[in-house]
Amino acid sequence: MLFGNKSSGGVEWLLVCLGNYGQRYENTRHNIGFLAADRLIEKNDLKCNRLRFRALTEIIELGGARVLLMKPQTYMNLSGEAVGEAARFYKVPPERVLVISDDVSLPLGKVRVRGNGSAGGHNGLKNIIAHLGTEQFPRVKVGVGAPPNPEYDMADWVTGAFSASERKTINEALDRALGAAECVIARGVTEAQNRFNG
């Protein structure tokens, strides 16, 4: 079975879906991770409403592994607090902490799998790196595109909402991102990169 609820016991992976909580941030570029989690939840009749480690969580089965699905409720720039706490509690090593986030350097809807790397200016990733003490954790990045001109305020851009026409592209990208996340867990980063980094 691909997806399913698993209520008790330990976990082998963390699937960290980054975003900002609250109505103001719903459907915004910076909330790609939350949108991915919501899509996973809706399509597979799951839940993710248990508040633990300063995140909404649910233990699920994904890619043949027991996975803690996380939507940190700390705001983006403190996401590492939630991730570090959960990783320590479950003794999950950084290479099994998989993060789904937005990326302004990728065109809208493009998905890229990376096995490690710098934060690239992303405050959520930066804070996770600080709390895990390493850049050596996999991530699935979803392109939200760059601002239309260099003078555009980056904070306004990433907290701006997707247009109706962009949503179709984004929904397809979210499905690919979730497929990539499942592939990372089941078959490893290299296989996921070969399949999803088009």
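# A tour by selection

Start by selecting Asp-45, which sits in the loop between helix 1 and strand 3. The model in the viewer is predicted. At 70% relative accessibility, Asp-45 is an exposed residue. Check its backbone: Asp-45 is not a glycine, yet its phi is positive, at about 55°. Most residues other than glycine have a negative phi.

Tyr-75 belongs to the loop between strand 5 and helix 2. Its relative accessibility is 36%, so Tyr-75 counts as partly exposed.

Now select Thr-74, found in the loop between strand 5 and helix 2. Is Thr-74 buried or exposed? Thr-74 is buried, with a relative accessibility of 10%; the cut-off for buried is under 20%. Show the neighbours of Thr-74: leaving out residues up to four places away in sequence, they are Tyr-21, Arg-54, Ser-79 and Ala-82. For a sense of scale, draw a distance from Thr-74 to Glu-182, a residue 108 places away along the chain; their C-alpha atoms are separated by 25 Å.

**Arg-54 and its two partners**

Arg-54, one of the residues touching Thr-74, is the next selection. Side chains of opposite charge can pair when their charged atoms come close. Arg-54 forms a salt bridge with Glu-81, with 2.8 Å between the closest N and O atoms. This pair links distant parts of the chain, 27 residues apart: Arg-54 is in the loop between strand 3 (50–52) and strand 4 (55–62), and Glu-81 is in helix 2 (residues 79–90). Arg-54 is partly exposed at 42% relative accessible area, and Glu-81 is also partly exposed, at 22%.

Glu-85 forms a salt bridge with Arg-54, the closest N and O atoms lying 2.7 Å apart. Here too the pair links distant parts of the chain, with Glu-85 in helix 2 and Arg-54 in the loop between strand 3 and strand 4, 31 residues apart. Glu-85 has a relative accessibility of 28% and counts as partly exposed.

**Lys-71 and Asp-38**

How many salt bridges does the structure hold? There are seven. Another one to select is the pair of Lys-71 and Asp-38, whose closest N and O atoms are 2.7 Å apart. Lys-71 is buried, at 11% relative accessibility, whereas Asp-38 is partly exposed, at 25%.

**Helix 1 against helix 5**

Select helix 1 together with helix 5 (residues 164–187). The two helices pack at an angle of about 75°, and their axes are 10 Å apart. Helix 1 is therefore roughly perpendicular to helix 5, an angle of 65 to 115 degrees being the range for that description.

To see the contact, show these side chains:

- From helix 1: Ile-32, Leu-35, Ala-36, Arg-39, Leu-40 and Lys-43.
- From helix 5: Arg-167, Ile-170, Asn-171, Leu-174, Asp-175 and Leu-178.

Coloured by class, the contact of helix 1 with helix 5 shows seven nonpolar, one polar and four charged residues. Keep Arg-39, Lys-43 and Asp-175 on display: salt bridges that share partners join them into one network.

**The nonpolar cores**

In soluble globular proteins, nonpolar side chains tend to be buried together. Which residues touch the most other members of the largest nonpolar core? Select Leu-15, Ile-32, Val-67, Leu-69, Leu-98, Ile-100 and Val-140, out of the 36 residues in this core. Helix 5 gives the largest share of the core, 10 residues.

Centre the view on Leu-98. Not counting residues up to four places away in sequence, Leu-98 touches Trp-13, Leu-14, Leu-15, Val-16, Pro-138, Arg-139, Val-140, Ala-181, Val-184 and Ile-185.

Note on methods. Residues are numbered from 1 along each chain as its sequence is written. This is a predicted model: local features need pLDDT of at least 70, side-chain atom pairs count only at pLDDT 80 or more; totals for chains, interfaces and linings use all residues. Side-chain values use heavy atoms; hydrogens and water are left out. A salt bridge is a side-chain nitrogen of Lys or Arg within 4 Å of a carboxyl oxygen of Asp or Glu. Buried means under 20% relative accessible area, exposed over 50%, partly exposed in between (1.4 Å probe, protein chains only). Helices (H or I, at least four residues) and strands (E, at least two) are DSSP runs, numbered from the N terminus. Axes are lines fitted to C-alpha atoms, for helices over the stretch in contact, and angles run from 0 to 180 degrees between N-to-C directions. Angles under 35 degrees count as roughly parallel, over 145 as roughly antiparallel, 65 to 115 as roughly perpendicular and the rest as oblique. Contact means heavy atoms within 4.5 Å. Ala, Val, Leu, Ile, Met, Phe, Trp, Tyr, Cys and Pro count as nonpolar, Asp, Glu, Lys and Arg as charged, and the others, Gly among them, as polar. A nonpolar core is a set of buried Ala, Val, Leu, Ile, Met, Phe, Trp, Tyr and Cys residues joined through side-chain atoms within 4.5 Å.
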